[in-house]
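Please look over the sequence and the three-dimensional structure shown here.

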Amino acid sequence: MSDKIRWGILSTSNHAATSVIPAIRASADGEAAAVASRDGARAQLYAREHGILKSYGDYEALLADPDIDVIYNPLPNHLHKTWSIRAAQAGKHVLCEKPIALNAAEAEEMVRAFRDAGRKLAETFQWRHHPQAQRVRELVRQGTIGDVRLINASFSFPLDRPHDVRWEPKMGGGALYDVGCYPVSLVRYMLGQEPLTVTAHAHWGASGVDDLMVGALVFPAGVMASIDCSFVLTLRRLYEVVGTTGALVVNRDYSLKADTPGEIMHYGPDRKLLHTYRTAAVDSYQLMVQDFNRAVIENTDPVFLPEDAVANMRVLDALYKAAREGGTVSV
């Protein structure tokens, strides 16, 4: 291994260009070294535009490159499992876009493949590396708002591109997969527990995917959470943690820009604003990349284990089952 972790980008992803490649470059130990596309000319252009030395006209060639240590996999959801496992078999570590797979069984298969290969696997919920999320969880655990009884978490935006892959059922489209996985992971992160049961209702768009879903999650000791996600609502990425003596409110989460400080509002029992906590303006993608680089260099686990991704998929599976079939579903 060279003095830097050499990353290969699996596809000419716009998200990679705007968020992940800059984070790799900003990290102390990372280098964006190669990109692959099924269109060789497209890969060459992308590499030229983003200062990447190597480009490949197929994914297998990137996986076969002995100089690549880590693969970032931002392919459409239905390709996460296949190409991540192929990367592991080729000796590569993988940072995989969310949701890590299409169901918990696929996610478990991925974890087994990476354990067998002795490679690292993590899911890209970069918001968990941001001090804002960590501060909220710290305040919750300190009892700042008493005993937590309820979390409300939302993520929506208007998806007005009719040919976007997120409208395609066979490609793992749908609001729950794309943005609902964030509030699900958030409530699990804040509580440090897994839900016992879920119920859900969804509106199914013309293509057959969910364009709006609302879910209720019941955790041990009677703690409850509500999540909602949508492609047909205005932009919302907010949550509220409610306890017996107050509430913590975050009006902007999941994708804070690197120059935007975190902000947490603490309300008392009468809904009076008691305090506003502010956290540093940082690049959470860079923090995520640095954590993964460290895991590879030191041969340790990333902060968030791939088993956490399996647990999150179990909740998504249960929510889809509840939305399609009705009733209460055990997780």
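## Two hairpins

Which residue takes a positive phi in the hairpin of β8 and β9? In this hairpin, which has five residues between the strands, that residue is Gly208, with a phi near 105°. The model is a predicted one, in which local features need pLDDT of at least 70 and side-chain atom pairs count only at pLDDT 80 or more, while totals for chains, interfaces and linings use all residues. Residues are numbered from 1 along each chain as its sequence is written, and side-chain values use heavy atoms, with hydrogens and water left out.

Strands here are DSSP runs of type E with at least two residues, and helices are runs of H or I with at least four, numbered from the N terminus; two strands pair if DSSP finds at least two bridges between them. Strand β8 (residues 197-204) pairs with strand β9 (residues 210-218) in the antiparallel sense over eight bridges, and His203 has Leu212 in β9 as its bridge partner. The hairpin of β9 and β10 has five residues between the strands, and Ala221 in its turn has a positive phi of about 65°.

## An open parallel sheet

Elsewhere, six strands form an open sheet in the order β3-β2-β1-β4-β5-β6, with parallel pairing. Strands β3 (54-56) and β6 (121-123) stand at the edges with a single partner strand each, so one side of each is left without a neighbour in the sheet. Neighbouring strands of this sheet are turned by 25° against each other on average, direction ignored; for such angles, axes are lines fitted to C-alpha atoms, for helices over the stretch in contact, and the angles run from 0 to 180 degrees between N-to-C directions.

Within the sheet, strand β4 (residues 70-73) and strand β5 (residues 93-96) pair in the parallel sense over four bridges, and Asn73 stands opposite Cys96 in β5. Helix α1 (residues 14-26) packs on the sheet and touches β1 (5-10), β2 (30-36) and β4, with its direction at about 145° to that of β2; contact means heavy atoms within 4.5 Å. Helix α2 (residues 40-49) lies across β2 and β3 and runs at about 160° to β3.

## Aromatic rings around Phe155

The structure holds twelve aromatic pairs. Rings of Phe, Tyr and Trp (its six-membered ring) pair if their centres lie within 6.5 Å, and planes under 30 degrees apart count as stacked, over 60 as edge-to-face and the rest as tilted. Phe155 and Tyr182 form an edge-to-face pair, at 5.1 Å centre to centre and with 65° between the planes. This pair links distant parts of the chain, since Phe155 is in strand β7 (residues 148-156) and Tyr182 is in helix α7 (residues 175-191), 27 residues apart.

The rings of Phe155 and Tyr254 have their centres 4.9 Å apart and their planes at 10°, so this pair is stacked. Tyr254 lies in the loop between β12 (247-250) and β13 (262-267), and so the pair ties together parts that are 99 residues apart in sequence. Phe155 is buried at a relative accessible area of 9%, and Tyr254 is buried at 2%, where buried means under 20%, exposed over 50% and partly exposed in between (1.4 Å probe, protein chains only).

Ring pairs link Phe125, Trp127, Phe155, Tyr182, Tyr189, Tyr254 and Phe304 into a cluster.

## Two buried polar residues

Gln132 is placed in helix α6 (residues 131-141) and counts as buried at 1% relative accessibility. A polar atom of the Gln132 side chain lies 2.8 Å from the backbone nitrogen of Glu263. Leaving aside neighbours within four places in sequence, Gln132 is in contact with several residues, including Val250, Asp253, Gly262 and Thr279.

Lys98, found in the loop between β5 and α5 (104-117), is buried with a relative accessible area of 10%. The side chain of Lys98 reaches the backbone oxygen of Asp178 at 2.8 Å. Not counting residues up to four places away in sequence, Lys98 touches Phe125 and Tyr182, among others, and both of these belong to the ring cluster described above.

Notes
A polar contact is a pair of N or O atoms within 3.5 Å; within protein, one must be able to donate a hydrogen and the other to accept it, and residues adjacent in sequence count only if both atoms are side-chain atoms.
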